[in-house]
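Please examine the sequence and the structure shown below. The briefing that follows is grouped by topic.

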Amino acid sequence: MKLFLDTANFNEIREAANTGILDGVTTNPSLVAKENRPFKDIIKDICAIVKGDVSAEVTATDTEGMLREGRELAKIADNVIVKVPLIKDGLVAVQRFKSEGIRCNVTLCFSPTQALLAAKAGAYIVSPFIGRLDDISQVGMDLIQQIVTIYRNYDFSTQVLVASIRNPVHVADSAMLGADIATMPYGVWTQLIKHPLTDIGLARFLDDWKKVQVK
Ligand code: G3P
């Protein structure tokens, strides 16, 4: 499973990229708004250090507007994936983008039928938001299971990107279900690495090793 960072913050992306195991980045208008920098500059800087997919979202809600914005975003770098909302105009735009060789991440997916339509439209990636479903007392991970099953049943090549991740359990469950990608905030990324027993065990090993050196 590929691991993406869900942020537009360059420092966080650089830190994660330095580990050598960052596969890509997703951004959205809310994350970009936090950075106080021009959108295209942010995407260009991210693409300079991340070789994998970098999602950049359109803000138009009509097909022609999405196409205009998406074509400009796709020019920034070869690894830009144009993020399009899962609405009727978005599904039409995805098909047009595909015919032009521009890959799309269809975002704001909350149901299995939405995911089915995204795949039929030719999405490169679909982004189900599991945390926001959990927030309204639905089990978000059930949606991942449904989408993975549907895509396998019909051999769709659309990648399932688990978004709106809140904790490492979401990441582990995504991997157990065979999702293609998990995207997460930097805080969750750092949590993936840490375990208190690792820290305690390492401290004990180093302590014991000091005794060996004395002998
Ligand atoms: O990038 C889309 C998604 O991951 C947003 O997550 O935490 O705002 O629900 P969140």
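**Packing of helices 1 and 3**

Phe-10, Ile-13, Arg-14 and Ala-17 of helix 1 meet Asp-45, Ile-46 and Ile-49 of helix 3, where contact means heavy atoms within 4.5 Å. Helices (H or I, at least four residues) and strands (E, at least two) are DSSP runs, numbered from the N terminus. The model is predicted: local features need pLDDT of at least 70, side-chain atom pairs count only at pLDDT 80 or more, and totals for chains, interfaces and linings use all residues. Residues are numbered from 1 along each chain as its sequence is written, and side-chain values use heavy atoms, with hydrogens and water left out.

- Helix 1 (residues 10-17) and helix 3 (residues 39-49) pack at an angle of about 10°, their axes being 10 Å apart; helix 1 is therefore roughly parallel to helix 3.
- Axes are lines fitted to C-alpha atoms, for helices over the stretch in contact, and angles run from 0 to 180 degrees between N-to-C directions; angles under 35 degrees count as roughly parallel.
- The residues of the contact of helix 1 with helix 3 comprise 5 nonpolar, no polar and 2 charged. In this classification, Ala, Val, Leu, Ile, Met, Phe, Trp, Tyr, Cys and Pro count as nonpolar, Asp, Glu, Lys and Arg as charged, and the others, Gly among them, as polar.

**Overall architecture**

- The protein has 11 helices and 8 strands, and its C-alpha atoms fill a box of roughly 75 × 40 × 30 Å, taken along the principal axes.
- Of its 215 residues, 44% count as buried, that is, under 20% relative accessible area, with exposed meaning over 50% and partly exposed in between (1.4 Å probe, protein chains only).
- Among contacts with a separation of 6 or more, 57% come from residues 24 or more positions apart.

**Ligand surroundings**

- Asp-6, Asn-28, Lys-83, Phe-129, Arg-132, Ala-163, Ser-164 and Arg-166 surround the ligand, each with a heavy atom within 4 Å of it.
- Polar side-chain atoms lie at 3.0 Å from a ligand oxygen atom for Asn-28, at 2.7 Å for Ser-164 and at 2.5 Å for Arg-166.

**Ser-164**

- Ser-164 is placed in the loop between strand 7 (159-162) and helix 9 (168-177), and it counts as buried because its relative accessibility is 8%.
- Its side chain reaches the backbone nitrogen of Arg-132 at 3.1 Å. Beyond neighbours within four places in sequence, Ser-164 is in contact with Phe-129, Ile-130, Gly-131 and Arg-132.
- Although not a glycine, Ser-164 has a positive phi of about 60°.

**Thr-26**

- Thr-26 belongs to strand 2 (residues 24-26) and is buried, with a relative accessible area of 1%.
- The side chains of Thr-26 and Thr-183 make a polar contact at 2.6 Å. A polar contact is a pair of N or O atoms within 3.5 Å; within protein, one must be able to donate a hydrogen and the other to accept it, and residues adjacent in sequence count only if both atoms are side-chain atoms.
- Setting aside residues up to four places away in sequence, Thr-26 touches several residues, including Phe-4, Leu-31, Asn-105 and Leu-161.

**Exposed positions**

- Asn-36 lies in the loop between helix 2 (29-33) and helix 3; at 73% relative accessibility, Asn-36 counts as exposed.
- Asn-36 has a positive phi of about 55° although it is not a glycine. Most residues other than glycine have a negative phi.
- Met-176, in helix 9, counts as exposed at 73% relative accessibility. Met-176 and Gln-145 are 31 residues apart in sequence and 9.7 Å apart in space, C-alpha to C-alpha.

Definitions and conventions. Parallel < 35°, antiparallel > 145°, perpendicular 65-115°, else oblique.
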